[in-house]
Structures are given as structure tokens and as C-alpha cells.
There are 2 protein chains.
Amino acid sequence: MTPAGTRGPGPPSDPRDAPIGVFDSGVGGLTVLRAIHAQLPGESTIYLGDTARVPYGPKSPDTVRRYAREAAGFLTERGIKMLVIACNTATAHAFGTLSQGLDIPVLGVVEPGAREAAAASRSGVIGVIGTRGTVESGSYERAILAARADATVRSAACPLFVALAEEGWVSGEVPELAAHRYLDPLFAAEIDTLVLGCTHYPLLKPMLADVAGSGVRLVDSAEATARETARLLSARSLTSSGSAPIAHHYVTDDTHLFRELAGLFLGAPVERVESVALGQGPS
Amino acid sequence: MTPAGTRGPGPPSDPRDAPIGVFDSGVGGLTVLRAIHAQLPGESTIYLGDTARVPYGPKSPDTVRRYAREAAGFLTERGIKMLVIACNTATAHAFGTLSQGLDIPVLGVVEPGAREAAAASRSGVIGVIGTRGTVESGSYERAILAARADATVRSAACPLFVALAEEGWVSGEVPELAAHRYLDPLFAAEIDTLVLGCTHYPLLKPMLADVAGSGVRLVDSAEATARETARLLSARSLTSSGSAPIAHHYVTDDTHLFRELAGLFLGAPVERVESVALGQGPS
């Protein structure tokens, strides 16, 4: 099978010019893609949003692993040079499986933010916010403690934030009241660093920065993941040779619904989006 | 295949004692099941929540139809005497397909509420709230106008309400502010009746009644659907003969996650919940 929608009938002749593969359950991972485009403007990308099965958060680890394997298989068939799991839930449940099973570098969205927070915090008291699934998985807490054994981690699940981001209610009374309700216990515990552990939350960052005040540093997992992507490509001598970059988007449901939300998350309209089927056959 | 989990090795000898099948994308349809149990305490039920693929709202009509066919197939294989589509999105996209393809009565969750609202309104100015998918489908508007041609329908999509219901934030400042933001344009249009067109919204009913005030009558689609279920069974001489009723629940994902939320929606703990696979084979 040819790497559909990359650059012609076969894989690029220079392996450095193969695209970076990025997947998420839906649109949230576009904040990671946006950060990759901003920090690595010369790289081609293939994004897959599993929109027919979004969200992964409330689904069981086994189901999420199966979906993640299918998504990764779709992208590796298209000749990617590196895989970014731009989904906290998939990272928590499927990072081990995917990184062991593939012969390209695999990066999740948890470790980069956790390491940045561990390095940035002065007091070592670090807050983490995410979906209920991410918080209950304990994945950020483990990654922060691995990077800094003396850290104290305070987590809060903020399920309403995804709905607020998708609704475009990113400032004003409703999100601010919700933020206080979720975050005041973390501020009372005197966190000095707050990890935005969900790919939807970068949209709420200005509001969260206001609510948190100047004494709390926000760590954006999407930006941290893009920085780590750049470091990894450079370390493996996989940085693009300079050929013209191409961005492709695939979704597992209707492209129309994806286009509507994508602008909010990517900060620009998406071009080249195709609908594909995953998991139609026996698993 | 035996009707798993009904009442023994075969279907009940009296067809009136077969269960009512109820399905939804997740837990929301449990408000319909709860109303059926309250109004028809002698009926056995089988509930299917397609929790591995929840929510249907943001998915395309074709995808929703495929999922709904699979859910209906699962329930009819278990010998149900009637099918209730306890999901607004599935009703909007799949009611026609399912009612034409099955030889048992099929009831959606849209028409009963629409007809009650059409009958209850004095002025004929009727508000409808639901998910974005339900509102954009226009299904309530069409059903209301079919029942009352002189009606004026004002709709508002309230995507945050599902997250608020699942979070248990059913009263207080955040839901009230969100409700005003969504509903004030409907009150300004002088609606005298408001249809709760989403199975999650019964949890918010007391708060919505406060915000709406005494001049607006709330119509709960879940209760209207249960009343219509009772009428249909009676009209077809299918009301239970009086044998002891049994309630079974199936989900397509982990049962643990379902149990956690189910209490909120059903008002009681669920017993007998099993996980089953749908759509694993070629579609």
C-alpha cells in the first residue's frame, strides 16, 4: 500500500522527510499538532482523529488499547518516521504496548509535561488537571515522581473543561466559576506549578492563568510534547532535510463535523481531511 | 441463541411476558428506563448502553444508523416484545430504518415529548433543548409541527448540560448561569412550554424549573416516552400477564464505569449488568 496522501506514489526517498504521525481520539490532539507545526515548521505530519469512537476517556483500558493499536497501525502503514500519541488516555493505557511493538520512536503526551513541571517547580508541590480517566490512571503523578522523587502531586479531574473548550466558552463567568470549583483545593495546597494534562485545555489557558494568578506556573503538555518531539528527531538524526512540508488529516467519522471544531483547536482551517474506517474487521 | 438473561432456557411461554428492549449510547437512556419502571412496574426490561462508542451526538447519521442497527439486533435476538430507542440522536437518524425493519412495535424518544408539548402549550410557542446533534436534526421541531401546525418552535443546543449531569453539578451557580446563557433567548421569545429533549436533562429538571419559573411548563421526554410505551403495550394487548418482572442491563464497555454513573441516572443501583461486544465483525 502506498503512503496515501504523503507525496506521490511511494515513500519519500529520504527517510528524514517521512511525516510525523499524530493521533488522538478526536480534535483535542490538534493542540499538539499545532504546537508541532509552530516549533517544527519544516516537518510533514499525518494526523488521525478517531472521531467515530471519541472520547476514549470514559472507556476501559482494554478498549482504549485496542483503539490505539488500530490508530497506530493506520499511521505506520503510511510510512511515518515517528509516532506521537496526542491523547492522554491513550498514552496512559497504550504507550507501553505501542512503544514496544514499533520500530520507530514513540512519544506520549504525559512524560514531556511531567518532566517540564518537575524541572520548573521550586517548591515541588505540583498540580495536575485532566479528565477523570487521566487523573485516575495516576500517569502524570508517576511520571512527575520518576523525574523528581521529592515532589508532591495534587490532582483534580475537571470533566467540564472539555465541554467548555468544545463549546468555545473559554472565558467569562461559567468557566471561571468551574475553574475555581476544581482548582481552589489545589491552590489551598499551595501548588506553584500546574500541568494542563488534557489536550483540550490549551484553549482555556488564558482563563486558567488568570484564575491561578502569577504565583502558579502553567505547563502546557501540548507545547512540552512538541519540544520533546523536536529533541527526539534531532537526537535520532531524523529532522526533515528541508523538502516542502505537507499536513494531512484523517478522521474515522464525518469530515464535516471535524472541520467545524478543528479551527478552534488548530487555530487555522484544516486542509486535506479524509474519512477512513478503523476496526471494521475482526479485532 | 437463547434470550440470555431473561427467564430460563427459552423465551417466556406467554409473549406478553417478553421484556421491553431499551437502548441508548450510554447511561442517559436510564432516565427513560427509570420512568418505564415507575409507570410499568410489572414489565421486564433489557437495557443496552453502547458505552464503548458513546456519545452518538457528534457522530454522522450513517455511523449512528449502523450503531443503532447493531444495538437493535442485539436486543431483538433476546426476544423483546417492543423496542424503545432511548436516545435522541439514534431516534433522529435511525427511527425510520428500525421501525420499518422490525416486526415488533418501535418507539423513539422524540415523538412522545413533542406531542405532549404540542398539547400542553397554550400560546403554541414551544422551546426545545437538546444536544447539538438533536437540535440540528430538527427532529423535535418536525414532530411538534406535525402535531400542531400553528406552533412556533424555538430551539437551543445545550452541550454543557450533559457534562453537568454526569458531573453531578445539577444545582448551584455553574448550572444556573449556563442555563440562563442557553435559555434566556427562549424566554425572551416567550415560550410557555419547554421540552427537555435529551435523556440526560431529567437530572437537571429541578434547576431548570427554577430558572424557567412558573410561567413555563417543562415536558420531560423520558416520562412522556414511558407513558407512550404503556399506551402502545395496552393497545397491542402486550401488557405483562403479571409474572415477576426482571431487569437486565448490558453495556459494550466495562461494567464498572457504567455502574458508577448508573445510580445517578436510574436512582437506584443496577443489578445484573454484563459486558457484550457489538460491531466486532464486518458491518
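1. Let's start in chain A, with helix α8 (residues 173–188). This helix lies across β5 and β6 of chain A, and its direction is at about 170° to β6(A). Keep in mind as you look around that this is a predicted model.

2. Now for the sheet under that helix. Which strands of chain A make up the four-stranded open sheet, and in what order? The order is β6-β5-β7-β8, and the pairing is parallel. The edge places go to β6 (152–157) and β8 (217–220) of chain A; each has a single partner strand, so one side of each has no neighbour in the sheet. Going from one strand to the next, the twist averages 25°.

3. Strand β5 (residues 125–130) of chain A and strand β7 (residues 193–196) of chain A are joined in the parallel sense by four bridges.

4. Next, step back and view chain A as a whole. Chain A is split into domain 1 (19–108 + 225–275) and domain 2 (111–222). Notice that domain 1 is written as two stretches of chain A. Taken over C-alpha atoms, the centres of domain 1 and domain 2 of chain A are 22 Å apart.

5. How many residues of each domain of chain A are in contact with the other? The count is 22 residues from domain 1 and 19 residues from domain 2. On the domain 1 side, the elements giving two or more residues are α1 (30–39), α3 (88–101), α10 (221–235) and α11 (255–266) of chain A. That domain 1 side has 10 nonpolar, nine polar and three charged residues.

6. Over to chain B and its sheet of six strands. This sheet is open, its order is β4-β3-β1-β2-β9-β10, and its pairing is parallel. Here β4 (106–108) and β10 (273–275) of chain B are the edge strands, each with a single partner strand, so one side of each is left without a neighbour in the sheet. The twist averages 20° from one strand to the next.

7. Strand β3 (residues 82–85) of chain B runs parallel to β4(B), and three bridges join them. Here, L83(B) stands opposite V106(B) in β4(B). Helix α1 (residues 30–39) of chain B lies across β1 (20–24), β2 (45–49) and β3 of chain B, at about 155° to β1(B).

8. Two helix pairs in chain B are worth a look. In the first, α2 (residues 61–76) and α3 (residues 88–101) of chain B pack at an angle of about 65°, with their axes 9 Å apart. The crossing of α2(B) and α3(B) is right-handed. From α2(B) the contact takes in P61(B), V64(B), R65(B), A68(B), R69(B) and A72(B), while α3(B) brings T89(B), A90(B), H93(B), A94(B), T97(B) and L98(B). Sorted by class, the residues of this contact of α2(B) with α3(B) are seven nonpolar, three polar and two charged.

9. The second pair is α8(B) with helix α9 (residues 205–212) of chain B. Their axes come within 10 Å and cross at roughly 55°, which makes α8(B) oblique to α9(B). The crossing of α8(B) past α9(B) is right-handed. On α8(B), look for P175(B), E176(B), A179(B), H180(B) and L183(B); they meet M207(B), L208(B), V211(B) and A212(B) in α9(B). The contact of α8(B) with α9(B) has seven nonpolar residues, one polar and one charged.

10. Finally, see where the two chains touch. Chain B has 25 residues in contact with 25 residues of chain A. On the chain B side, α7 and α8 (173–188) each supply at least two residues. That side of chain B divides into 12 nonpolar, five polar and eight charged residues.

11. Which way do the two α7 helices run relative to each other, parallel or antiparallel? Helix α7 (residues 160–167) of chain A and helix α7 (residues 160–167) of chain B pack at about 175°, their axes 9 Å apart, and are therefore roughly antiparallel. The contact of α7(A) with α7(B) has six nonpolar, no polar and two charged residues. L160(A), A163(A), L164(A) and E167(A) meet L160(B), A163(B), L164(B) and E167(B).

How values were computed
Residues numbered from 1 in each chain as written. Chains lettered and ligands numbered in written order. Predicted model: local features only at pLDDT ≥ 70, side-chain atom pairs only at ≥ 80, totals over all residues. Axes fitted to C-alpha atoms, helices over the stretch in contact; angles between N-to-C directions. Parallel < 35°, antiparallel > 145°, perpendicular 65-115°, else oblique. Contact = placed C-beta atoms within 7 Å. Nonpolar A, V, L, I, M, F, W, Y, C, P; charged D, E, K, R; others polar. Left-handed = near helix turned anticlockwise from the far one by under 90°. Pairing = 2+ DSSP bridges. Domains from an automatic or database assignment.
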